[in-house]
Amino acid sequence: MYIFKSPRCLETERFELRQVCLNDAPFLLELFNDPSFIQNIGDRGVRSEQQAQTYLKSDVIKPHRFDYMGLWVIHSKERKQALGVVSVLQRDYLQHLDLGYALLQFARGKGVAFEATQAILEYLTQQCEVSTVDAIVKPSNAASRRLLEKLGFQLDGEVTTPDNENLCLYRYRIT
């Protein structure tokens, strides 16, 4: 369950989710260099705060077709700090929007990803009238696969990325 604050800000019981901004560069530098992020999502080659700002300007903070697209930073209300991100992106090789997520190590295993992605998924399907959402994950990432299934996604085959990586394709449909 979420509270709609604005098209770029949602709230859950424990978190505030808001779209990324340039001030998030230090946090994203830490997240992008987390070993699990590199292993499961990929190496963005961001090694300094300056590179993080450049990455944000060129690849993340740009006009999107819809307000809900982009990176949403998950902020803990209690700890008053960023814990991770939820992404809503349109990838050229996917038919539908792609829902993704990544957390800093200390935030994993505490229900953060489930609560945050569930809120974004509800927002997309209830407020934005999105009827189908995709999610891609490495076959070896069992934790993310379990989370997607818990959210109601169903395995819908495989997809090959432009980098020739074979990923599991999960799909969430509103019926």
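The model is predicted, so local features need pLDDT of at least 70 and side-chain atom pairs count only at pLDDT 80 or more, while totals for chains, interfaces and linings use all residues. Residues are numbered from 1 along each chain as its sequence is written, and side-chain values use heavy atoms, with hydrogens and water left out.

Begin by selecting the strands (DSSP runs of E, at least two residues, numbered from the N terminus, as are helices, H or I, at least four): nine of them form an open, mixed sheet in the order S1-S2-S3-S4-S5-S6-S7-S9-S8, where pairing requires at least two DSSP bridges. Strand S1 (3-6) and strand S8 (154-160) stand at the edges with a single partner strand each, so one side of each has no neighbour in the sheet.

Next, select S6 (97-103) and S7 (132-137), which pair in the parallel sense over two bridges; Leu 97 stands opposite Val 133 in S7.

Now move to H3 (49-60), where Ala 52, Tyr 55, Leu 56 and Val 60 are buried (under 20% relative accessible area, exposed being over 50%, with a 1.4 Å probe and protein chains only). The face turned away from the buried side of H3 carries the exposed residues Gln 50 and Lys 57.

In H1, Ala 25, Pro 26, Leu 28, Leu 29 and Phe 32 meet Glu 49, Ala 52, Gln 53, Tyr 55 and Leu 56 in H3.

Technical notes:
Contact means heavy atoms within 4.5 Å.
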